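Have the sequence and the structure at hand while reading.

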Amino acid sequence: MIQRIVIVVLLLLFQQSPLKALVAIDITRGNLDPLPTAISDFYFDDSIKADDSIRKSRLDKKIPELVQNNLQRSGLFFPLEKKSFIQKPEVAHATPRFEDWTFIKAQVLVTGKISLDKNQRLRVEFRLWDVVSAKELSSLAFFTTTENWRRISHMISDKVYERLTGETGYFDSRIIYVAETGPKTNRVKRLAVMDQDGHGVKYLTLGNELVLTPRFSPDNKYVTYMSYFRNLPRVYLLNIEAGIQDLVGDFPGMTFAPRFSPDSKRVIMSFAKDGNSDIYAMDIKTRVVERLTDHPSIDTSPSFSPDGSSITFNSDRSGTQQIYTMKSDGTAVKRISFGEGIYGTPVWSPRGDLIAFTKFFRNKFYIGVMRTDGSGERLLTENFYQEAPSWSPNGRVLIFYRETPSDDKGRGGNAKLWSIDLTGYNERMIETPTDASDPTWSEILTKK
Amino acid sequence: MKLVKISFIHVAVLLSLFLGACTTAQKATAPAPAPAPVAEGDAYTGTDTVKFLADGVPDRVFFSTNKFNLTTAAVNSLNKQAAFLKANANLNVTVEGHADERGTREYNLALGEKRANVVKDYLISNGIASNRIKVVSYGKERPANPASSALAWSQNRRSVTVRPN
């Protein structure tokens, strides 16, 4: 259902210098002073005639605006007012007069050109300039169609982010979540997918049955989720392109809390039998099922480490909900959470070094991170109710959902998606057309 | 020296008065001690939200926070359900397990499953055939009371025995 977009050519115009730019962002220390960034309007060059309909698309304004929104939302960039810009877009794109940009306190500058090549393909080129050291940092051109301008804008944003932070970007990615409507006692829930900036919401199910906890496969081809189809709560697999849904396994009871293995070949989940939930893995192709935990307590919320060697999960075998790790064959089970309160929904970071979690302590819910041995616990945000963090593809941002309390008539309660940096800064709500919960971030759509 | 001693005694007397007052106040509001072997915890004991499978047969039982053991009140209700099911041998039921909203979604699904199964097991031990009872967990997805209050949460930590439609 998600349209696959093929970028025809990625043309590297200038080799990136192996030396680090003078201007660089240290993203490990919080975003206390975001980088002053000038994002110039792009321009249509002479290959696009004055009466060409492409000019009506206003992509010369819309692409830089979207790049600016992305960079600003990351909290690492401070976009400067466009009206303070002195140079015209086409002049700046050729060679900026750096004094003009230093004058308005810009440290980096983004410029761009939109043209048509000989075969009438739309070409969007951007350049990133280091104003302080007066040189070009990177430059890239994309061939595309006008309809794909958002993807192009996200890819440009990723390139800027990557060049200045030294980390991979996360703007060319999507979020799957559960769209919620209706009264709290009889909520209607639908699977929904959107760009990471909240644009282009598409609904994948109709809301006839309750659906929960959708997760993308790392190859972005599948979604696994739980559905109450025919009132039998089970884990399903959705092939996004073919639009085909499949039951995962043939279990004589509830299956829930699914997640993919890093190679997208297996689904791990809980299976509840006679009141006892244990963790199982199923190979998608062979349908072979493997039982990974065997304990009379509740074992749920499993999540693989990015190298596939380990699994973190949630268990109350100690008497309260705590976080555990084990090898991916189910051996070497070890409790790692020992702080005050109870812990749930552990998720291994894509960098492998941290586990994000939900914590409930003294009537408040927290989103936090700890190292994979349980040390270095750090709580990022506290609220009445919030849970289920999911990592951005580069492991720098967490998305989760937050609920507000309802009054005695059930009014006032809502559920929204929020994101926060790993640093604990830059907490933001992500606008959605309806209430929303259970968000999961996809991998970057165009893998290198 | 003497003065100091007196003042100490005064303090002690005041303290004991204060503590005494506290103790009596507590006694006045505390509920009658439960005769049951099972602790009632913070399980709901009222009748609001309760529906009936038949005259005098409550459809639901309530649980304490994060618990799935049956309270005395729950056992009483389930005895009535078992008698009702014995008297209506052709009736099958589904036991729904529910949790309050103060827990993570996935854990609550497992907790609801545990609660529903405890009820099913109790009915089986009272002579109801296991193939007459289905269980389904809704976790925190279907609260009976939508409010975010201790009362609502206690009403939502429940199992509900329902007849199929």
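How many salt bridges does the rule find across the interface of chain B and chain A? The model is predicted, and in it the rule finds five salt bridges across this interface. Polar contacts across the interface of chain B and chain A come to 25 residue pairs.

The side of chain B that touches chain A draws at least two residues from each of α3 (105-125) and β5 (133-139) of chain B. The largest share, nine residues, comes from α3(B). By type, the residues on this side of chain B divide as follows.

| Type of residue | Number on the side of chain B that touches chain A |
|---|---|
| Nonpolar | eleven residues |
| Polar | seven residues |

The size of an interface is often given as the accessible area lost when the parts come together. Between chain B and chain A, about 3000 Å² is buried, and carbon and sulfur atoms give 52% of this area. In chain B, the residues that lose the most area to chain A are B:Arg102, B:Arg105 and B:Glu106, together 25% of what that side buries. The contact takes 49 residues from chain A and 27 residues from chain B.

Chain A also holds an open sheet of four strands, in the order β23-β24-β25-β26, with antiparallel pairing. Because β23 (342-348) and β26 (378-383) of chain A each have a single partner strand, one side of each is left without a neighbour in the sheet. From one strand to the next, the twist averages 20°. Strand β25 (residues 364-371) of chain A runs antiparallel to β26(A), and five bridges join the two. In this pair, A:Ile367 stands opposite A:Thr381 of β26(A).

Terms used:
Residues numbered from 1 in each chain as written. Chains lettered and ligands numbered in written order. Predicted model: local features only at pLDDT ≥ 70, side-chain atom pairs only at ≥ 80, totals over all residues. Heavy atoms only, no water. Pairing = 2+ DSSP bridges. Axes fitted to C-alpha atoms, helices over the stretch in contact; angles between N-to-C directions. Contact = heavy atoms within 4.5 Å. Buried area = accessible area lost by both parts, 1.4 Å probe. Salt bridge = Lys/Arg side-chain N within 4 Å of Asp/Glu carboxyl O. Polar contact = N/O pair within 3.5 Å; in protein donor to acceptor, adjacent residues only side chain to side chain. Nonpolar A, V, L, I, M, F, W, Y, C, P; charged D, E, K, R; others polar.
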